[in-house]
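Dear colleague,

Here is the structure I said I would pass on. My notes on what was found follow below it.

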Amino acid sequence: MFGKVLAKISFASALAFCLSGGAAMAQDAKVAIAKAERAMGHITSVRYSGTGKLGAVAMGWNTASPWHATDLTSYTRAIDYPSGSSRELYTYAQENPTDLGGQAPFTDPRTVGVTVSGKYAWNQPSDSNPPSDKVSPAPDNVEIRQLQIVLTPQGFLNAAAANGAAAKEDVKDGQKRTTLTFMWGKYKIKGALDSRNLITKIETKVAEPVMGDMPLQVFFTDYKRYGAVMLPSHILHTQGGKRTFELNVSKAEANVSDAALTVPPQVLTAKARPDEVTPLKMADGVWILYGGHNSVLVEFKDYLALIE
């Protein structure tokens, strides 16, 4: 009898410990988020611009080389966090000499506008040859573009607060560091705050048709004061450990008045493509699978091979 009572007490104590531990982690996360917001300043919208580099995923010269690089000759991004709006307008050009790799060649600089607002996405101008300034709905890109808002410092803090982030503190290179982790839809997102309570890295995984799920990391360095807020002046994105985007910020401002966007009428009615795969038999035991990305399926005696 005494043993059963002791077991019940032990179980209850363990349960209480786990629950109190979870509550403490949630409380620690709230404290960490509040400290970060105080360190950065009050931000509801932001606009920044600069120059840098782009890298085309899976377009390296060989498996060991970086992704094919182009020069980012101008870049401006405006984000309105309450409405979930983001507009990127940038111009890119081939390096001189042109970097080796598999990206389709082009001669003249190309200007692209990448936009999302809430559950709508569109391009204007579109990344086409020749370029077009007409509005091109992009409903298939809403999720990834909203994710890109989360992968900014203020976007990360907003999402961490809204999705019950867990906090963990440790020491790296002699400096205290706080890590916040949470789920945003299907994405597990983790971010690191340094001893100044500034966000230095955010990471997750994203799907890529050929490479599969790939780690995506965003690094923020060289924080500077722009008016009443602190923002990074160097931003680096990597996918699969290789650079996809690098920006040296030359100008930034927070709480701008015109970052929220109005969705064009033709975008409101655009529908995302259904997730369908259409097989076409090429020969006995060989099919080409048409879908978002074309694959080849080959049937062997006791197994199947899918070739991307």
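How do the residues of the lining of the second largest pocket divide into nonpolar, polar and charged? Before the answer, please keep in mind that this is a predicted model.

The pocket

The lining of the second largest pocket holds two nonpolar, three polar and six charged residues. Its volume is about 200 Å³. The residues that line this pocket are K172, D173, Q175, K176 and R177, then A192, L193, D194 and S195, and finally T200 and K201. Three strands, β8 (175-184), β9 (187-193) and β10 (199-208), each contribute at least two residues to this lining. The largest share comes from β8, with three residues.

The strands around the pocket

β8 and β9 run antiparallel and are joined by seven bridges. Across this pairing, M183 stands opposite K188 in β9. The two strands form a hairpin with two residues between them, and G185 there has a positive phi near 60 degrees.

β9 also pairs with β10, again in the antiparallel sense, through four bridges. Here G191 faces I202 in β10. The hairpin of β9 and β10 has five residues between the strands, and N197 in its turn takes a positive phi of about 70 degrees.

Is β9 enclosed or open? Five of its seven residues are buried, so β9 is largely enclosed by the rest of the structure.

E169 belongs to strand β7 (residues 166-172). E169 counts as exposed, because its relative accessibility is 55% and the cut-off for exposed is over 50%. The C-alpha atoms of E169 and A192 are 9.6 Å apart, while the two residues are 23 apart in sequence. A192 is also one of the residues in the pocket lining.

Helix α3

Helix α3 (residues 153-162) is mostly covered, with seven of its 10 residues buried. The buried ones are P153, Q154, G155, F156, L157, A159 and A160. Just after the helix, G164 has a positive phi of about 60 degrees.

β14 pairs with β15 (residues 286-290) over five bridges, in the antiparallel sense. In this pair A283 is opposite V286 in β15. The hairpin of β14 and β15 has two residues between the strands, and G285 in this hairpin takes a positive phi near 80 degrees.

How many of the six residues of β14 are buried? The number is zero, so β14 lies largely in the open.

Aromatic residues

There are eight aromatic pairs in the structure. In one of them, the rings of Y92 and F106 have centres 5.2 Å apart and planes at 70 degrees, so the pair is edge-to-face. This pair links distant parts of the chain: Y92 is in strand β3 (residues 85-94), whereas F106 is in the loop between β3 and β4 (110-117), 14 residues apart.

The cut-off behind both calls is under 20%.

Y92 and F106 are also part of a cluster linked by ring pairs, together with Y48, Y75, Y90 and F245.

To recap the main points:

- The second largest pocket has six charged residues in its lining.
- β9 is largely enclosed by the rest of the structure, whereas β14 lies largely in the open.
- Helix α3 is mostly covered.
- Ring pairs join Y48, Y75, Y90, Y92, F106 and F245 into a cluster.

Regards

Notes. Residues are numbered from 1 along each chain as its sequence is written. This is a predicted model: local features need pLDDT of at least 70, side-chain atom pairs count only at pLDDT 80 or more; totals for chains, interfaces and linings use all residues. Side-chain values use heavy atoms; hydrogens and water are left out. Two strands pair if DSSP finds at least two bridges between them. Buried means under 20% relative accessible area, exposed over 50%, partly exposed in between (1.4 Å probe, protein chains only). On a 1 Å grid over the protein atoms alone, a cavity is a set of points where a 1.4 Å probe fits but cannot get out, and a pocket is an open set with protein on both sides within 12 Å along at least five of seven lines; lining residues have an atom within 4 Å of a point. Grid points are joined across faces, edges and corners, and a volume is the space filled by probe spheres set on the points. Ala, Val, Leu, Ile, Met, Phe, Trp, Tyr, Cys and Pro count as nonpolar, Asp, Glu, Lys and Arg as charged, and the others, Gly among them, as polar. Rings of Phe, Tyr and Trp (its six-membered ring) pair if their centres lie within 6.5 Å; planes under 30 degrees apart count as stacked, over 60 as edge-to-face and the rest as tilted.
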